[in-house]
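Here is a short briefing for a reader who is new to this structure. Please keep the sequence and the 3D view at hand while reading.

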Amino acid sequence: MTNRPGLGRIAAALLATAFLSTTFLAAGMQPARAHDYTQGDLRIGHPWTRATAPTAKVGAGYMTIANRGGVPDRLVSASTDAAGRVEIHEMSMEAGVMRMRELAGGLPLPAGADVALKPGGYHLMLMDLRAPLKQGASIPVMLVFERAGRVQVELKVEPPGGPAGGAHGHGHGAGSRAPGHNH
Amino acid sequence: MRTLRILRHAAWVLVALLGLAALAATLGWFPGDGPASRRPVPFAAPSIGGPFAMRDAAGVAVGERDLVGRPSLLFFGFTHCPDICPTAMSDIAGWMKELGPQADSLQVFFVTVDPERDRPAELAAYAAMFDPRIRPLVGTEAELAAMAKAWRVYYRRVPLSGGGYTMDHTATIYLVGRDGRFSGTIDPREGGESTLAKLRRLLAAT
């Protein structure tokens, strides 16, 4: 009777240990930094998305993809359980007008080039979201490349304004919103 | 590219026509306004702004008269917009934070160009996520078309291959003085410093 709470605590500790070791093991399997992925010649850096409104039906996925190989590759498609479908889009601004187009043939990844999916440019468009994206969550997304094959990545859900968290006087062309520019 | 060239030519033709019209108006060429009755015509730069009749998320009517008395920002977008709209909205929210209590005298409107999908509840939740002071505006397709015409806002529905649609739209942020008149724009990609300076000028102007 009296040692019941004690047992509970031990069980909890064991569970926590198990959980932590799994986490560390999982982290240990990533060859590069915490939130980078490598597959063949491709290095995929910090995939992220923004938190959405409770009623939102769409979200955008961003990341950098570096092709370190000597042969061009191509991001052909992407999918996730979090959304009904995912399209690869390009946004452009001309004379104050924003236009968004689907890249029907996928996103080309030239040999030796770094391609950024970032606000104001390329992005994955997550459509028909099954649930709003909550800040702090991770959204598993399967990327399909023409040569490198399939890579499972996780989109980190950043605040609605993205990692830069809104404007604070840092000239923010599309580029300065890239992850890692937190202030 | 061809389309661009055609668009550019069309734009120049429009500019030329507007110029002629302005000249005609100034010189009193229009009938019924005989040369004798040359009323002073305000400089006829292509005017931005004008009457509109929309509603906020609570169903309260909002029109051009509500722009008088307090400086305002107008941004046209839609909630199914994954990229530029959240970027611009969070920028606006960031500027409001930066301005501090001064921002309370600023009215910020988010006008949806997608009234079919953007219901008041969605708009309210969307705007509140960035700053609860941002007031969404919605109208019927006709009301939106009228407002867009007056404010020279472009919007167009673009079908997506997998079904559904997205919107191309003007993403410029409009500044309106407390006299209710258009006073300038903010490019969504503009730096924060220049923007804050513009907003402070807008707030300081009488």
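Helix α2(B) is mostly covered, with 13 of its 16 residues buried. This is a predicted model.

**Helix α2(B)**

- α2(B) covers residues 84-99 of chain B.
- From its first C-alpha to its last, α2(B) reaches 22 Å. That is close to the 22 Å expected for its 16 residues at 1.5 Å a residue.
- B:Gly100 follows α2(B) and has a positive phi, near 70°.
- An α-helix has 3.6 residues a turn, so residues three or four places apart point the same way.

**Chain B as a whole**

- Chain B has five helices and nine strands.
- Their order from the N terminus is α-β-β-β-α-β-α-β-α-β-β-β-β-α.
- Chain B has 206 residues, and 35% of them count as buried.
- Take the contacts in chain B between residues at least 6 apart in sequence: 62% of them join residues at least 24 apart.

**The nonpolar core**

- The largest nonpolar core has 86 residues.
- Which residues have the most contacts inside this core? They are A:Leu126, B:Leu73 and B:Ile92.
- α2(B) gives the most to this core, with eight residues.
- Beyond residues up to four places away in sequence, B:Ile92 touches B:Leu73, B:Phe75, B:Val108, B:Phe130 and B:Ile134.

**The seven-stranded sheet**

- Seven strands of chain B form an open sheet with mixed pairing. Their order is β2-β1-β5-β4-β3-β8-β9.
- β2 (61-63) and β9 (182-186) of chain B stand at the edges. Each has a single partner strand, so one side of each is left without a neighbour in the sheet.
- On average, neighbouring strands of this sheet are turned by 35° against each other, direction ignored.
- α2(B) packs on the sheet and touches β3 (72-77), β4 (107-112), β5 (134-138) and β8 (173-176) of chain B. The direction of α2(B) makes about 165° with that of β3(B).
- β1 (residues 53-56) of chain B pairs with β2(B) over three bridges, in the antiparallel sense. In this pairing, B:Ala53 stands opposite B:Gly63 in β2(B).
- In a regular strand the side chains alternate between the two faces of the sheet.

**The β6-β7 hairpin of chain B**

- β6 (residues 155-159) of chain B and β7(B) pair in the antiparallel sense over five bridges.
- The two strands form a hairpin with five residues between them. In the turn, B:Gly163 has a positive phi of about 105°.
- B:Pro159 has B:Tyr165 in β7(B) as its bridge partner.
- B:Arg156 has B:Asp168 in β7(B) as its bridge partner.

**Where chain B meets chain A**

- How many residues of chain B are in contact with chain A? There are 36, and they meet 36 residues of chain A.
- Four elements of chain B give two or more residues to this side: α2 (84-99), α3 (120-130), β7 (165-170) and α5 (192-204).
- α2(B) gives the most to the side that touches chain A, with nine residues.
- By class, that side of chain B has 14 nonpolar, 14 polar and eight charged residues.
- β7(B) also joins strand β6 (residues 97-102) of chain A through two bridges, and these strands run antiparallel. A:Val97 stands opposite B:Thr170 in β7(B).

**One residue in chain A**

- A:Ala66 lies in strand β3 (residues 58-67) of chain A.
- Is A:Ala66 buried or partly exposed? A:Ala66 counts as partly exposed because it has 18 C-beta neighbours inside 10 Å, and a buried residue needs 20 or more.
- Leaving aside neighbours within four places in sequence, A:Ala66 is in contact with A:Leu42, A:Arg43 and A:Asp114.
- A:Met93 is 27 residues from A:Ala66 along the chain, and their C-alpha atoms are separated by 25 Å.

Technical notes. Residues numbered from 1 in each chain as written. Chains lettered and ligands numbered in written order. Predicted model: local features only at pLDDT ≥ 70, side-chain atom pairs only at ≥ 80, totals over all residues. Buried ≥ 20, exposed ≤ 12 C-beta atoms within 10 Å, placed from the backbone. Contact = placed C-beta atoms within 7 Å. Nonpolar A, V, L, I, M, F, W, Y, C, P; charged D, E, K, R; others polar. Pairing = 2+ DSSP bridges. Core = buried A, V, L, I, M, F, W, Y, C linked by C-beta atoms within 7 Å. Axes fitted to C-alpha atoms, helices over the stretch in contact; angles between N-to-C directions. Expected span 1.5 Å × (residues − 1).
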